[in-house]
Amino acid sequence: MGAEAEHRTSPSPAPPPLRRIDSADAPAPPPTVLGLQLSALIDHVARVDWSLLDRIPGDRGGSQQVSIEELNHILAEVNAQILPARVELSPIRTIAGGSVANTIRGLSAGFGISTGIIGACGDDSQGDLFVSNMSFSGVDLTRLRTKEGHTAQCACLVDASGNRTMRPCLSSAVKLQANEFKKEDFKGSKWLVVRYARQNMEQILEAIRIAKQEGLLVSLDLASFEMVRDYRTQLIDLLETGNIDLCFANEDEARELLGGELTFDPEEALAFLGKYCKWAVVTLASKGCIAKHGKQVVQVAATGERNAVDATGAGDLFASGFLYGLVKGLPLEECCKLGACSGGSVVRALGGEVRPENWQWMYKQMNASGLLLPDLKKN
C-alpha cells in the first residue's frame, strides 16, 4: 500500500501545504506507535553498477552524509547509468523514506496498527510528496510540522546483489528542535520508535524523556555500522540510561558494537544489548535473526531471502512485524517470525516501501506459519 503515492519520472500536481491539525478540529485516539523522524526524508532509489559506487565517497554498503552538491552529482551519475531493472520494476523510485518512516508506514499499511510521526518537513515539493505518501498509507501526520525550507533527501543506490549504499543529504533540511516537543504529542501512545543519530542526540534524549514521563516504551534502531563505529561511546551512554526497552541491530552494527573485529559472535552482541534492554534483536540477513527477552533466547530463519531484489528497508520492515507482535502481546519467537515475514516482503521490490502484491505475499507466509493476521478493517 502506498505505492500509488510515489513519484517516478514527472511530478504530479502538488497537494496543498500541510497544516498542523488541531486536536479539537479532528479528535482521534492517540496512535499506538509514534515514530520520531526529526526531518522528513525523500528517498531516490535506483539500481546501479558497482563502478558507480566506486566513484562516490564513503564505504560501499554503508550510510554517509553528503552535501546537496554531492547529492546532485550522485543523482546525475545515477541518471546517466541505471542498471536495467526487471520487467516488473521501475528502474528508479522516489518515495517517502527514512528508517523510522519505513517502520511506521509498514505498521499502518501492512499491519493495521495506528501510527503517527513526530517531525518536520519543508514547504517544498519534496515535503508535499512525503505528506502525500505517508498519509496515503494511513499515518497520522498531526504531529508533523511544516517549516519554511528544504526537505531532506537520500540517494539509495542498490547494486546487482541487492545490497544498498545510502547517501543522505540532511545538512540544509528543516528539522524539529528539542524545545518544540509537547507532552500532548506523546500522551496516550504506547511506543516511540527512534533511530540512533549522534547529531540529533539533544532531540532524541528530550523525546525519550517525555515519552518515559508519559509511560511509553522506546524502540531504538542503531542506524548504520558507521554511526555505531564512530559514536560507540555515546551509544553505550544512551543504553546505560535504561530508557531503551527494545533495540534492533543488524550484523554489521552488532560487530561494531563489540569493537569491530572481523570475527565476532552475534550472540555476544545480543547478550550485551540484553543487559540494557527488555528486548534485544540482532538481524543476520539470510541467516535470519536472534532475539532475547529476559533469559529467553530464540533464533528464527529468514523468510523470502531467495527473492531479494533490494535490501533497502529490510531491517525497518522487520521492526514493523516485530513491533506488531509486541503490540498484540505475542511470544518472542512469533514476534521474530512476523519480523522475518515483513522484512522478506520489502526486499522483493525496489525501495523501502512494500508494494500491495508483496503485502499479500506476506499474509500468505503468515497464514502458512499460523501467525496472527492483522485486522485491517480497523485501520
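pLDDT is the predictor's confidence in each residue, on a scale from 0 to 100. Keep that in mind, as what you see here is a predicted model. The protein chain has a mean pLDDT of 88. Of its residues, 88% reach 70 or more.

Which order do the strands take? It runs β5-β4-β1-β8-β9-β10-β11-β12-β13. That is nine strands in an open sheet, with mixed pairing. At the edges sit β5, residues 144-147, and β13, residues 296-300. Each of these two pairs on one side only. From one strand to the next, the twist averages 15 degrees.

Look inside the sheet at β8, residues 191-195, and β9, residues 217-221. These two strands run parallel, and five bridges join them. As an example, L192 has V218 of β9 as its bridge partner.

A helix packs on this sheet: α10, residues 266-274.

Next, helix packing around α3. Two packed helices are described by the angle between their axes and the distance between the axes.

Take α3, residues 99-111, against α4, residues 125-136. The angle is about 30 degrees, and the axes lie 9 Å apart. Angles under 35 degrees count as roughly parallel, so α3 is roughly parallel to α4. Who makes the contact? From α3, we have A101, I104 and R105. From α4, we have F130, N133 and M134. By class, that is four nonpolar residues, one polar and one charged.

The other partner is α11, residues 314-327. Here α3 packs at an angle of about 50 degrees, with the axes 8 Å apart. At that angle α3 and α11 are therefore oblique to each other. Is their crossing left-handed or right-handed? The crossing of α3 and α11 is right-handed.

The residues, quickly. α3 brings S99, N102, T103, G106, L107 and F111. α11 answers with D316, L317, A319, S320, G321, L323 and Y324. The contact of α3 with α11 divides into six nonpolar, six polar and one charged.

To close on α3: roughly parallel to α4, oblique to α11.

Methods. Residues are numbered from 1 along each chain as its sequence is written. This is a predicted model: local features need pLDDT of at least 70, side-chain atom pairs count only at pLDDT 80 or more; totals for chains, interfaces and linings use all residues. Side-chain values use heavy atoms; hydrogens and water are left out. Axes are lines fitted to C-alpha atoms, for helices over the stretch in contact, and angles run from 0 to 180 degrees between N-to-C directions. Helices (H or I, at least four residues) and strands (E, at least two) are DSSP runs, numbered from the N terminus. Angles under 35 degrees count as roughly parallel, over 145 as roughly antiparallel, 65 to 115 as roughly perpendicular and the rest as oblique. Contact means heavy atoms within 4.5 Å. Ala, Val, Leu, Ile, Met, Phe, Trp, Tyr, Cys and Pro count as nonpolar, Asp, Glu, Lys and Arg as charged, and the others, Gly among them, as polar. A crossing is left-handed if the near helix is turned anticlockwise from the far one by less than a right angle, and right-handed if clockwise. Two strands pair if DSSP finds at least two bridges between them.
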